There are 2 protein chains.
Amino acid sequence: MNSFVISGVKMFKPSGEVVTANIYVSGDKISKITQGEVAGANVIDGKNKFATPGLVNAHTHASMTLLRSYSDDKALMDWLQKDIWPIEDKMTRKDIYWGAALAAVEMIKSGTTAFADMYGPCMDEVAKVVDESGLRGSLSQGLIGIFDGDKRLVWNIELYKNFHGRADGRIQIMFGPHAIYTCPPDYLKKVVNEAAKLGAEIHMHMNETKTEIDDCIKNYGKRPFEVVAETGLLDLGFLAAHCVHLSDEEIEIIKAKKVRVAHNPGSNMKLASGICPVTKLLSKGVTVALGTDGASSNNNLDMLEEMRLAALLAKVDTLNPLAVPAAQALQMATENGAKALNLANVGRLEEGCKADIVLWDMCSVEWQPNYNPVSLLVYSANSSAADTVIVDGKILMQGRELKTLDEEKILAEFTACANRLTKN
Amino acid sequence: MNSFVISGVKMFKPSGEVVTANIYVSGDKISKITQGEVAGANVIDGKNKFATPGLVNAHTHASMTLLRSYSDDKALMDWLQKDIWPIEDKMTRKDIYWGAALAAVEMIKSGTTAFADMYGPCMDEVAKVVDESGLRGSLSQGLIGIFDGDKRLVWNIELYKNFHGRADGRIQIMFGPHAIYTCPPDYLKKVVNEAAKLGAEIHMHMNETKTEIDDCIKNYGKRPFEVVAETGLLDLGFLAAHCVHLSDEEIEIIKAKKVRVAHNPGSNMKLASGICPVTKLLSKGVTVALGTDGASSNNNLDMLEEMRLAALLAKVDTLNPLAVPAAQALQMATENGAKALNLANVGRLEEGCKADIVLWDMCSVEWQPNYNPVSLLVYSANSSAADTVIVDGKILMQGRELKTLDEEKILAEFTACANRLTKN
């Protein structure tokens, strides 16, 4: 059983305060948090380190790392139809695996400990990566109702049956209806039936672009959340990615149905989708988490950057420098992320919680002077400061050295996959 | 005389294209650029590196690193009056030096080779740091007309006489009238007189906040650029920081007077000032460069981040995913930066230009796959990828090891200054 103590470390408390403490880990849990001296074996020196809960990437498509920098600065439909989809059509089981494996390396090295993924087919390969890497993954099969919808639904059911709760509970399976423009209401009702039978939750793109809203109103006479609510999908536990364009009525639905929102500021800015009304949602008590979206639209899986963007974008959007202060951005990326993925006892550094911990190294110049580690992490640091990453009490990286994954091999296999996919 | 060649490196051309080339450096210049094999001594292996011109930080206050993370998430006037100004009042000559020295470390380590600085008193200490570090600095005394205005003007004149053109031309001195709300028109006319006698250019905060515009109209019946134009200040060569709130008439003045704009997206977002109309200015042919502003409002001096923010913010602001593509963001941070600081033959990798070069290491996962180094640098990398930094043909950092500055000593002295300033 894992048993160690991180001594004398500055620690981010659930309240948003920072204290110097000793964090004891036993098995998969934080067993106690103390002040004062620590002696004995199995001590990780926490000096000049900042301990935060592991970052939770609440919306991504891990294997899309394969398409990073392949196509940028394009109009959305040009980008998808001409560049992204033709390559995705060529992806094999092997590509899904190595794409997700590289994503796992990138996530661990930037302080992410859990992620919500939607892609596929072959999501079992992503499950394998979650198992091997030691990360937590909430995986869903991307369900496209208008193309092979029934087949994909079977894949999602199988994924659930084969993997939900596996790897000591680190793998969770959700159902992943892609979006209202690819999943008509009748299909969504099928998804509700199957997911409800299994008790599975839902992960879906919602209200990302203006076009999506306009088309939905044209086709169904209602806005997306209204259509989706009528199918019963929101009652299963619902993670909604993007939520850029929301009416006041939709915000009330989100609140009433306890929908969790994954805000993706980097992707929404880069694709010029618009700005999610984060402060409005937060003021209504909605759980707003943060996600990177896929690496082909972001272009990385760096949650530190996403925190910074969330804090900066909310301020300039509302013209209020007090909007989304640093501690709130960090809570969105940790505690809210865990809530968004429905991970029990994750996202908080306190006794009895899961030991999902990142130690950030505070030695480099951008951390000086060190008046406020939270401000420094959110506004100044870069993700290469992630020094030690712990999930379920297990050390996945220490001193930036990966403990569970073979970075060199993954890089080589990943590069071979990318080359094959993009060579004519 | 420095003489070496960077072999087989991917290189960002002034056109925005990327080619694999050998970059020969002789003395302070790029003497030639070739294709094919290179043999002989003094070869820097360019494999897996991306060569760009050094980044130019077109607006900062270097010594404000001392105030990083001291006060964040506050309303502007609370922040300035209660937290920032009282500490600044206590700053000594030594603080200015060590604050700027830490800034120099941070700039070199994140790929910046030149910066435009406005602060003071004791800007001669910043000049000393520029000299010792090997960076280029365009320095100006912050001139506050409404408080000790004449004394400060004398300081700026002395600064010019003692330092302009020194350190092999790496130090340039500008005049730094702080802003329209601290420098009334009569005072600006005095600045014009003195600067014109010396042939000095101007660096000034312009149109940063809505309040500044409203007050200017109330006091002078005109908008800031109209008031400043009448003083003659714009005719001397003018670097305008921020330019968030601009009327169409002011944009025409900017264009006609060839004003160079330093866009500070990070600071403008964090302080909720608003969004500079970058695409409009660029479409008029205005030189728009990028700046970080001081580390107390940003909170770092990371120009890679500023490029990314400039590209992302322009897209979401105009709802156009084609706005400020990656190559343009990189040009803003390099070639436009050099133009903004009026640095001759800087900011372009071509024969005869100054050898101000950054080699970015492309080995880490966020650079994979490597379809497009420009996209990767602007949208995915972080600044710890800066591996080698060259200014005027001299290597300031190689393999992330600083060659001109003693990082450890600077960190210790800087920390002592910060502690003294903020202890009651």
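Colleague: By what turn can chain A be laid on chain B?

Modeller: This is a predicted model, and every value below is computed from it. Chain A superposes on chain B with an RMSD of 0.0 Å, and the shift along the axis is 0.0 Å. The two copies are thus related as by a two-fold rotation axis. The turn is 180 degrees.

Colleague: What percentage of the contact residues of chain A recur in chain B?

Modeller: The contact involves 51 residues of chain A and 51 residues of chain B. The same surface serves both copies. The share of chain A contact residues that recur in chain B is 100%.

Colleague: Which element of chain A gives the largest share of the side that touches chain B?

Modeller: The elements giving two or more residues to this side are helix H2 (93–109), helix H9 (265–270), helix H12 (303–318), H15 and helix H16 (407–422) of chain A. By class, the side has 26 nonpolar, 16 polar and nine charged residues. The largest share is five residues, and it comes from H16(A).

Colleague: H2(A) also packs within its own chain. Are H2(A) and H16(A) oblique or parallel to each other?

Modeller: Their axes come within 9 Å and cross at roughly 135 degrees. Angles under 35 degrees count as roughly parallel, and angles over 145 as roughly antiparallel. The crossing is left-handed. H2(A) and H16(A) are therefore oblique.

Colleague: How many nonpolar residues are in the contact of H2(A) with H16(A)?

Modeller: From H2(A), the residues that meet H16(A) include A:Trp98, A:Ala101, A:Leu102 and A:Val105. From H16(A), the partners include A:Ile410, A:Phe414, A:Cys417 and A:Leu421. The contact also has one polar and four charged residues. The nonpolar count is eight.

Colleague: At what angle do H2(A) and helix H3 (residues 123–133) of chain A cross?

Modeller: The residues of H2(A) in this contact include A:Ile96, A:Tyr97, A:Ala100 and A:Ala104, and those of H3(A) include A:Val126 and A:Val129. By class, the contact has eight nonpolar, one polar and three charged residues. H2(A) passes H3(A) in a right-handed crossing. The axes come within 8 Å, and the angle is roughly 35 degrees.

Colleague: Is the crossing of H4(A) and H5(A) right-handed or left-handed?

Modeller: Helix H4 (residues 149–163) and helix H5 (residues 185–198) of chain A pack at about 15 degrees, with their axes 11 Å apart. That makes H4(A) roughly parallel to H5(A). The residues that meet include A:Leu153 and A:Ile157 in H4(A), and A:Val191 and A:Leu198 in H5(A). H4(A) passes H5(A) in a crossing that is right-handed.

Colleague: What distance separates the centres of domain 1 and domain 2 of chain A?

Modeller: In the domain assignment, domain 1 of chain A covers 3–53 + 354–402 and domain 2 covers 55–340. The centres are taken over C-alpha atoms. The distance between them is 28 Å.

Colleague: Which element gives the most to the side of domain 1 of chain A that touches domain 2 of chain A?

Modeller: Here 24 residues of domain 1 are in contact with 26 residues of domain 2. Strand S5 (49–53), helix H15 (373–380), strand S15 (386–391) and strand S16 (394–398) of chain A each give two or more residues to the domain 1 side. That side has 15 nonpolar, five polar and four charged residues. The element that gives the most, with five residues, is H15(A).

Colleague: Which residue does a cis peptide bond join to A:Gln368?

Modeller: Most peptide bonds are trans. For this cis bond omega is about -15 degrees.

Colleague: What is the phi of A:Cys122?

Modeller: Most residues other than glycine have a negative phi. A:Cys122 is in the loop between strand S7 (112–119) and H3 of chain A. A:Cys122 is not a glycine, yet its phi is positive, at about 65 degrees.

How values were computed. Residues numbered from 1 in each chain as written. Chains lettered and ligands numbered in written order. Predicted model: local features only at pLDDT ≥ 70, side-chain atom pairs only at ≥ 80, totals over all residues. Axes fitted to C-alpha atoms, helices over the stretch in contact; angles between N-to-C directions. Helix = DSSP H or I, 4+ residues; strand = E, 2+ residues; numbered from the N terminus. Parallel < 35°, antiparallel > 145°, perpendicular 65-115°, else oblique. Left-handed = near helix turned anticlockwise from the far one by under 90°. Contact = placed C-beta atoms within 7 Å. Least-squares fit on C-alpha atoms with pLDDT ≥ 70 in both. Domains from an automatic or database assignment. Nonpolar A, V, L, I, M, F, W, Y, C, P; charged D, E, K, R; others polar.
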